[in-house]
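Welcome, and thanks for opening this file. Please have a look at the sequence and the fold below before we walk through a few of the features together.

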Amino acid sequence: MATSGSPSGATQSPVGHLVRHWRRARRLSQLALALEAATTSRYLSFIESGRSQPSREMVLRLARVLDVPIRERNQLLLAAGYAPLYREAGLAGEESAAVRAALERMMTAHEPYPAVVMDRHWNVLQANGAADLFFGWLLGDGSARQPANVIRLMFDPDGIRPFVANWEAAADALVQRVHREAVGGIPDPVTVALLGEALAYPGVPAEWRSPDFARTPLPVVPLEFSKGGLALSYFSTVTTLGTPQDAMLQEIRLESFFPADQTTAAHRWEHHPEGIADKQV
């Protein structure tokens, strides 16, 4: 029996389903995509309906035109019956040694201010010394939980939330950022579940459950921290790798925190035998 909406005799095509998904996500008609991919709308319609099987070259061409993230390009190839093209090794292995070294240099150069490397699901993979001390100041013994997840830490009443003086503004901006920075512009199921978990915590405004893409964002929303009589204010920048050819490397982000006021600019973290001490210079 033919699937509703499909030509008679057509079967559901895994690759066709994915192509249609990304085409609609990019808000392109079949004709517009066909023109960009140097093919015909009729052939594209056949691919989406399962009446034609695209070549490996055509799958990659459509993925490039649709700006499909690397991980999902591998899924497209598998759905079409071809072997994946891109690695998914991330920072592990000898081939990524230069990337690891570059990240470490940037984090070290950013001292004495915090910097962290995160994956696509906001898990902290690496941190410089200042970030370790910073989170240790905020979380105490809780800083040993691994892997630290920035979304959970911000929304969990047992995380850093009690120490964020402007929590409502900062958390609202973070929700919008999760949607905006999703790889490929579409949050994956794990990110959607993580966001749902965060928004289920008590005291989270109901309207945050729907992203507001129409609102004009502020240039930066500083994070204002206050604990034990010490108040610090940071804003952050995000660095990604250019032209990555590995799915996990495409997804990582280096977030560097910069002081938003003179007090924070003068702040230093130092170890001492009893634990963590702060120092003004």
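In this predicted model, strands β4 and β5 pair in the antiparallel sense, with six bridges between them. Strand β4 covers residues 230–239, while β5 covers residues 253–259. Thr239 faces Leu254 of β5 across this pairing.

Which strands make up the open sheet, and in what order? Five strands form it, arranged as β2-β1-β5-β4-β3 with antiparallel pairing. The edge positions belong to β2 (124–127) and β3 (223–227); each has a single partner strand, so one side of each lacks a neighbour in the sheet. On average, neighbouring strands are turned by 30° against each other, direction ignored.

Helix α7, residues 129–139, packs on the sheet and touches β1 (115–118), β2, β3 and β4. The direction of α7 makes about 55° with that of β3.

Now let us turn to helix α1. This helix has twelve residues, 14–25, and spans 17 Å from its first C-alpha to its last, close to the 16 Å expected at 1.5 Å a residue. The buried residues of α1 are Val15, Gly16, Val19, Arg20, Trp22 and Arg23. An α-helix has 3.6 residues a turn, so residues three or four places apart point the same way.

What do the buried residues of α1 pack against? Their partners are the helices in this table:

| Helix | Residues |
|---|---|
| α2 | 30–36 |
| α3 | 41–49 |
| α4 | 56–65 |
| α5 | 70–79 |

Just after α1 comes Arg27, whose phi is positive at about 60°.

Terms used:
Residues numbered from 1 in each chain as written. Predicted model: local features only at pLDDT ≥ 70, side-chain atom pairs only at ≥ 80, totals over all residues. Heavy atoms only, no water. Pairing = 2+ DSSP bridges. Helix = DSSP H or I, 4+ residues; strand = E, 2+ residues; numbered from the N terminus. Axes fitted to C-alpha atoms, helices over the stretch in contact; angles between N-to-C directions. Contact = heavy atoms within 4.5 Å. Expected span 1.5 Å × (residues − 1). Buried < 20%, exposed > 50% of the residue type's maximum accessible area, 1.4 Å probe, protein only.
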